[in-house]
Amino acid sequence: DNAATKPTVTSLGQNLVVLYDKYIIPKGKITDYRTEWSGITKDTYKQQSESPIPIVSFNQCQNEISQLFSSIEGKRVIVVGHALENDFDALEIEHPRLLTRDTAFYPPYMRR
């Protein structure tokens, strides 16, 4: 359910350079902007021309992220993050498990 997800995607490259940072128009109706954590309000989408962060459709984001994850400068892309399965599910994309580093499954970060 996309309704309560944080509608932004940010990707960082080597040396923590931002590769992708955009607001996403979800496919479903937003029922909770989770403003406390996201900083996004209903007005965020109304002020598109004033926003320093571009606002794109779900399909455009999905295509751009899939293309970004396919290769950078001809090199395979390793995706690092926490609970990446949730992000991949929300974007309806797949990424090879061998090229994924999920901190949710990294033993030093796991609760015992």
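Start with His95, which sits in the loop between α3 (84–91) and β5 (100–102). Keep in mind that this is a predicted model. Is His95 buried or exposed? Its relative accessibility is 13%, and the cut-off for buried is under 20%, so His95 counts as buried.

What does the side chain of His95 find in there? A polar atom of that side chain lies 2.9 Å from the backbone oxygen of Val77. The side chain of His95 also reaches the backbone oxygen of Leu99, this time at 3.4 Å. Leaving aside residues up to four places away in sequence, His95 touches Phe69, Val77, Val79, Phe88 and Thr100.

One of those contacts, Phe69, takes us to helix α2, residues 58–70. Now look at which of its residues are tucked away. Phe58, Cys61, Gln62, Ile65, Leu68 and Phe69 are buried in α2. These residues cover an arc of only 135° around the axis, which means they are on the same side of α2. Turn to the other side of the helix, and you find Asn63 and Gln67 exposed.

Next, the pairing of α2 with α3. Two packed helices are described by the angle between their axes and the distance between the axes. For α2 and α3, the axes come within 10 Å and cross at roughly 130°. The two helices are therefore oblique to each other. Which residues meet there? From α2 come Phe58, Cys61, Gln62, Ile65 and Phe69, and from α3 they meet Phe88, Ala90 and Leu91. Phe69 and Phe88 are also among the residues that His95 touches.

Finally, a look at some backbone torsions. Most residues other than glycine have a negative phi. Glu73 is not a glycine, yet its phi is positive, at about 50°. You'll find Glu73 in the loop between α2 and β4 (79–81), and it counts as exposed because its relative accessibility is 78%. Glu92 also has a positive phi without being a glycine, near 55°. With a relative accessible area of 46%, Glu92 is partly exposed, whereas His95 counts as buried.

Notes. Residues are numbered from 1 along each chain as its sequence is written. This is a predicted model: local features need pLDDT of at least 70, side-chain atom pairs count only at pLDDT 80 or more; totals for chains, interfaces and linings use all residues. Side-chain values use heavy atoms; hydrogens and water are left out. Helices (H or I, at least four residues) and strands (E, at least two) are DSSP runs, numbered from the N terminus. The expected span of a helix is 1.5 Å times one less than its number of residues. Buried means under 20% relative accessible area, exposed over 50%, partly exposed in between (1.4 Å probe, protein chains only). The arc is that of the directions from the helix axis to the C-beta atoms. A polar contact is a pair of N or O atoms within 3.5 Å; within protein, one must be able to donate a hydrogen and the other to accept it, and residues adjacent in sequence count only if both atoms are side-chain atoms. Contact means heavy atoms within 4.5 Å. Axes are lines fitted to C-alpha atoms, for helices over the stretch in contact, and angles run from 0 to 180 degrees between N-to-C directions. Angles under 35 degrees count as roughly parallel, over 145 as roughly antiparallel, 65 to 115 as roughly perpendicular and the rest as oblique.
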